[in-house]
Amino acid sequence: MTAGAHAAAHGHSLRDPAAFWGAQAEALHWTRRWDRVLDASAAPLYRWFAGGRLNTCYNALDRHVEGGRAEQTALIYDSPVTNTITRYSYRELRDEVAVFAGALAALGVVQGDRVIIYMPVVPQALIAMLACARIGAVHSVVFGGFAAMELAKRIDDARPRVVVSASCGLEPNRIVAYKPLLDEALKLSSHTVEHCIVLQRPQLRAELQVLRDIDWQAAVADAKPAPCADTAATDPLYILYTSGTTGKPKGVVRDHGGHAVALQYSMHAVYDIAPGEVFWTASDVGWAVGHSYMIYAPLLIGATTLMYEGKPVGTPDAGAFWRVIAQHRVKALFTAPTAFRAIKKEDPRGELIGAHDLSSFKTLFLAGERCDPDTIAWAQENLRVPVVDHWWQTETGWAIVANCRGLEAMPIKPGSATVPAPGYDVQVLDEAGVSAARGTVGNIVIKLPMPPGTLPTLWQNDAGYIDTYLSRYPGYYLTGDAGYIDEDGYVWVMSRVDDIINVAGHRLSTGAIEEVLSSHADVAECAVIGVADQLKGQLPVGLVVLKAGVQRAHAQIVSELVQRVRDQIGAVAAFKQACVVARLPKTRSGKVLRATMRAIADGRSYNAPATIDDPAILPEIARALAQLGLTQPQ
Ligand code: COA
Ligand code: AMP
């Protein structure tokens, strides 16, 4: 780690991407060397390592078993909600993955087939993902907090042959029965799934449908270990659906080659983790953070990964994270700022930290939402380790902007994610596409090509990919975030430019929630805004206008709307607040003034836009939001 190492790596990666990434790819095992590191022949769609062949599962497991790490712990499963701690060596994990891959193959799953995985944070989710990678099937993990309708949308888009699920998930206050949600999703979807493999958990067993559903234990009982398929670097490894601006989720595709190269590079360069060290990502397998840093990246370099089935607070208390770090000698933790806000709220003075030996702990990494400087300061003061904010998206799969601790420890500026990571040419453009001056807020874009590991396209939708991300500024990827670059080249990510909101580190589309509200028979029109929340960062709040003549009690309608969002999107939307208003504020051309309503709700000063149709409406909105307890400065 030397001064200037970051700038040198970054400069090299942009000047000569083929040489830079070609050198990083040497760290992996290839069954066929690539013809071209970067294939730009179909620009603006780029492919990395064209012609190359490798198997991601082989690189994540078998390679380490054969290379001397067979008995090293690959995975620690720490589950306070079931009172369990289980360790898997690289050999044990390889064997379980190979057998489950055999079980999938026995059900007819072949290379290129899709498998949806709808599971809580349990080792079997990781095993199922790697088993797909092993036989060249494409996995698509769906977060357990989504309701049946969301699962059905993903089933219809991915068209899986098999779904792998569990009987239940365990939230601190309740058991979430997954199987009825899966059954309902299968009824709602038009695609027919041939088989479901269900992990029966002792806390709640699921009813299995004869012929279609198979108990996980039965599926692996007779299965033969499957060998690693010979996959192309450009073959899809997985699809991960993420919120777009409508109710239709976007299927972000990840390939085998670029993904493995970028993730193994980032483990050293960004997180400063070496083989054999313990890395903990406290997230969910259903999110990109879970895919990249709970599952693939630590295993690709032969580190030990930790899977935690619990919460930062309440399982059993706000000291849970410190217990886990001390007990498993964790070197670095990666989570979302909201987890730390939850801990800070319960234990403001960090009194539960002192009871634990945190001497192994070197760095805290935060991402997933904008990190408020107060939370960074609290973590730094109480943990006495560098707190590193970094910015990325499901689409990129790894950090766009980061303080790359393995290259060079750069000064931390709370509120900024530091500087672009190697491979990323980050720029800020104004509405006309002109480079914004330093310090001036604009659209954050990434000049093409983006580095390996980022999405090559959307699932079976090249046109949608180009339209959504690449057409606003030709030659650039539109991140959807607004921000600025300061005099030192630090990037400050401030807000989304679209209707995506970030609730407890979970990405949600207000457009999707509006679609659910609009489908209620009494609703004429509505708007959903993300208002500031001290714990979750943002919370969705609905404003609805009722159809003329509706006489029903507003409280009843609101409670139906809340239930409808929970049923159709899921508990994860945390949609609990809505109010009925007579009209929505609009411009004269009919555009709903969401930003103005957000400012009112957050208690920020605002000016009625010059284009507003009827300024008299704003005090009415303020009164309605005040009745929800909003409009106070946060
Ligand atoms: N399966 C089923 N339901 C789930 C779920 C899952 N995997 N994950 C969350 N839910 C439910 C919760 O039980 C909750 O339901 P409720 O309305 O009945 O209480 C709802 O979805 C909202 O969950 P969440 O946003 O996680 O809020 P919470 O109040 O349970 O916990 C935090 C708040 C801050 C503790 C929690 O969000 C957290 O630990 N965040 C860590 C960061 C993280 O995971 N980030 C992801 C990207 S890095
Ligand atoms: P997701 O795809 O769920 O990872 O969400 C990505 C979005 O979360 C980004 O586009 C940002 O809006 C936000 N985000 C993630 N990390 C950060 C960060 N470090 N700072 C600010 N915003 C962030």
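Which residues in H17 meet which residues in H18?

## Basis of the model

This is a predicted model, in which local features need pLDDT of at least 70 and side-chain atom pairs count only at pLDDT 80 or more, while totals for chains, interfaces and linings use all residues. Residues are numbered from 1 along each chain as its sequence is written, and side-chain values use heavy atoms, with hydrogens and water left out.

## Packing of H17 and H18

Thr-596, Met-597, Ile-600 and Ala-601 in H17 meet Leu-618, Ile-621, Ala-622 and Leu-625 in H18; contact means heavy atoms within 4.5 Å. Of the residues in this contact, seven are nonpolar, one is polar and none is charged. Here Ala, Val, Leu, Ile, Met, Phe, Trp, Tyr, Cys and Pro count as nonpolar, Asp, Glu, Lys and Arg as charged, and the others, Gly among them, as polar.

Two packed helices are described by the angle between their axes and the distance between the axes. Helix H17 (residues 594-601) and helix H18 (residues 617-627) pack at an angle of about 50°, and their axes are 10 Å apart. Helices (H or I, at least four residues) and strands (E, at least two) are DSSP runs, numbered from the N terminus. Axes are lines fitted to C-alpha atoms, for helices over the stretch in contact, and angles run from 0 to 180 degrees between N-to-C directions. The angle makes H17 oblique to H18, a class left over when angles under 35 degrees count as roughly parallel, over 145 as roughly antiparallel and 65 to 115 as roughly perpendicular.

Technical notes. Chains are lettered from A and ligands numbered from 1 in the order in which they are written.
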